[in-house]
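Student: I've got a model open and I'd like to learn how to read it. Can we go through it together, one feature at a time?

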Amino acid sequence: MSVYACEYNSPLGIITIVCDESAVIGLWFEGQKYFGSTLSEEMEYKDTDVLKLAKRWLDIYFEGREPGFMPPLRYDLTPFRRTVFEIMLTIPYGKTMTYGEIASEFARQKGIAKMSAQAVGGAVGHNPISLMIPCHRVVGTNGNLTGYAGGIDRKVKLLELENVKTENL
């Protein structure tokens with residue numbers, strides 16, 4: 001399988017976008033924790049249709065608007081992380097969800113009594129497709145702005161871009 005990459009100059013720094021023939025498989029800010037963690041193959045820097053669509057999504061997003069579409073995404077993960085990521089994908093633009101709320105939704109979906117918010121936090125922190133899988137919208141129990149692999153300053157700016165009142169978080 002071929003893997004392609006490009007760089008995108010965002011207002012918050014350079015973003016590397018990676019895709020295969022059919023879907024985005026990685027999106028990281030330069031210097032982000034776990035940068036490229038899911039990649040094992042050689043990448044070719046080439047502007048594919050998937051990468052063009054991803055860049056269009058980012059253009060709209062950084063204009064401060066909800067893109068209204070999602071490029072195809074592929075994340076080959078454990079079933080646990082896949083479920084956490086699918087829950088994150090339901091967080092609306094301009095809204096937040098706590099780790100505990102994600103844990104509760106996970107438990108509800110799986111028909112179990114409880115899920116650890118800390119385990120959810122570990123999964124959220126290893127998100128290989130930042131922004132598009134909106135881990136920046138996940139906050140601590142009291143709405144605290146905890147952890148973001150791209151840096152707390154970027155998390156604040158991303159939430160402010162979506163008109164989330166961060167002074168209350």
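Student: Is Tyr148 buried or exposed?

Tutor: The general idea is a cut-off on relative accessible area: buried is under 20%, exposed is over 50%, and partly exposed is in between, using a 1.4 Å probe and protein chains only. Tyr148 has a relative accessible area of 11%, so it counts as buried. Tyr148 sits in the loop between E6 and helix H5 (152–161). Those labels are DSSP runs numbered from the N terminus: helices (H or I) have at least four residues, strands (E) at least two.

Student: How should I read the confidence, then?

Tutor: pLDDT is the predictor's confidence in each residue, from 0 to 100. Where pLDDT is low, the predicted coordinates should not be read in detail. In this protein chain the mean pLDDT is 90, and 95% of the residues reach 70 or more. Confidence is lowest in strand E4 (residues 43–45), with a mean of 84, and highest in helix H1 (residues 49–62), at 98.

Student: In what order do the strands of the sheet come?

Tutor: Strands of a sheet pair through backbone hydrogen bonds, either parallel or antiparallel. The working rule is that two strands pair if DSSP finds at least two bridges between them. Here four strands make an open sheet with mixed pairing, in the order E3-E2-E1-E4. Strand E3 (24–29) and E4 are the edge strands, each pairing on one side only. On average, neighbouring strands of this sheet are turned by 30° against each other, direction ignored.

Student: Which strands run antiparallel to E2?

Tutor: E1 and strand E2 (residues 13–19) run antiparallel, joined by seven bridges. Tyr8 stands opposite Ile15 in E2, and Asn9 has Ile14 as its bridge partner there. A hairpin of two residues links E1 to E2. E2 also pairs with E3 in the antiparallel sense, over five bridges. Cys19 has Val24 in E3 as its bridge partner, and the E2–E3 hairpin has four residues between the strands.

Student: And where does the parallel pairing come in?

Tutor: That's strand E1 (residues 3–10) with E4, over three bridges. Val3 stands opposite Met43 in E4, while Ala5 has Tyr45 as its bridge partner. As for burial, six of the eight residues of E1 are buried, so E1 is mostly covered. In E2, five of the seven residues are buried, so E2 is largely enclosed by the rest of the structure.

Student: How do I read two packed helices?

Tutor: Two packed helices are described by the angle between their axes and the distance between the axes. Axes are lines fitted to C-alpha atoms, for helices over the stretch in contact, and angles run from 0 to 180 degrees between N-to-C directions. Under 35 degrees counts as roughly parallel, over 145 as roughly antiparallel, 65 to 115 as roughly perpendicular, and the rest as oblique. Helix H3 (residues 99–110) and helix H4 (residues 117–125) pack at about 105°, with axes 8 Å apart, so H3 and H4 are roughly perpendicular. Tyr99, Gly100, Ile102 and Ala103 of H3 meet Ala117, Val120, Gly121 and Val124 of H4.

Student: What about H2 and H4?

Tutor: H2 and H4 pack at an angle of about 80°, with their axes 9 Å apart, and are therefore roughly perpendicular too. The H2 side of the contact includes Phe80 and Arg81, and the H4 side includes Ala119 and Gly122. The buried residues of helix H2 (residues 79–88) are Thr83, Val84, Phe85, Ile87 and Met88.

Terms used:
Residues are numbered from 1 along each chain as its sequence is written. This is a predicted model: local features need pLDDT of at least 70, side-chain atom pairs count only at pLDDT 80 or more; totals for chains, interfaces and linings use all residues. Side-chain values use heavy atoms; hydrogens and water are left out. Contact means heavy atoms within 4.5 Å.
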